[in-house]
Amino acid sequence: MSIDWAALGQVFGVSLVVTVGMVGVFTLGILGTSRKAAPEQGGAAAMSGGAVGASALARTGAYTCFALCAAAVAYGIYLIVA
């Protein structure tokens, strides 16, 4: 029995890069949904210190990040099942 160390190293490297990338993309998605828009000057939310919802651009980017994560998971399941 012989171990192909070069192939094992390639699998480890690709797995590490993809894992760190997916965690980064998911983190950007969470950050996008929790990002707060700047309160308006003199508004009721500014006076009461209430939370303001995420902007539309940040929310769209977050949903895109979550869609990329879901696509990567679906592709991985496809590779395992097929």
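Residues 24 or more positions apart supply 53% of the protein's contacts that have a separation of 6 or more. The model is predicted. It has three helices and zero strands. Read from the N terminus, the order of elements is α-α-α.

**Burial and surface**
- The protein has 82 residues, and buried ones make up 10% of them.
- Its accessible surface comes to about 6,500 Å².
- Carbon and sulfur atoms own 73% of that accessible surface.

**Helix 3: span**
- Helix 3 covers residues 56-81, a run of 26 residues.
- From first C-alpha to last, helix 3 reaches 37 Å.
- That is close to the 38 Å expected at 1.5 Å a residue.

**Helix 3: buried side**
- Which residues of helix 3 are buried? They are A58, A62, C65 and C69.
- An α-helix has 3.6 residues a turn, so residues three or four places apart point the same way.
- Helix 1 (5-34) is included in what covers the buried residues of helix 3.

**The cysteines C65 and C69**
- How many disulfides does the structure hold? The count is zero.
- C65 is in no disulfide, and its nearest cysteine sulfur belongs to C69, 7.0 Å away.
- C69 is likewise in no disulfide, with the sulfur of C65 as its nearest cysteine sulfur.
- A disulfide needs the two sulfur atoms within 2.5 Å, and the C65 and C69 sulfurs are 7.0 Å apart.
- Is C65 buried or exposed? C65 counts as buried because its relative accessibility is 14%, and the cut-off for buried is under 20%.
- C69 also counts as buried, because its relative accessibility is 10%.

**A nonpolar surface patch**
- Which residues form the nonpolar patch on the surface? They are V73, I77, I80 and V81.
- Together these four residues have about 450 Å² of accessible area.
- V73 counts as exposed because its relative accessibility is 52%, and exposed means over 50%.

**Helix 3 in brief**

Technical notes:
Residues numbered from 1 in each chain as written. Predicted model: local features only at pLDDT ≥ 70, side-chain atom pairs only at ≥ 80, totals over all residues. Heavy atoms only, no water. Helix = DSSP H or I, 4+ residues; strand = E, 2+ residues; numbered from the N terminus. Expected span 1.5 Å × (residues − 1). Buried < 20%, exposed > 50% of the residue type's maximum accessible area, 1.4 Å probe, protein only. Contact = heavy atoms within 4.5 Å. Patch = residues over 30% accessible without salt bridge, like charges linked within 9 Å, V, L, I, M, F, W, Y side chains within 5 Å. Areas by Shrake-Rupley, 256 points an atom, 1.4 Å probe, with all protein chains shown as cover. Salt bridge = Lys/Arg side-chain N within 4 Å of Asp/Glu carboxyl O.
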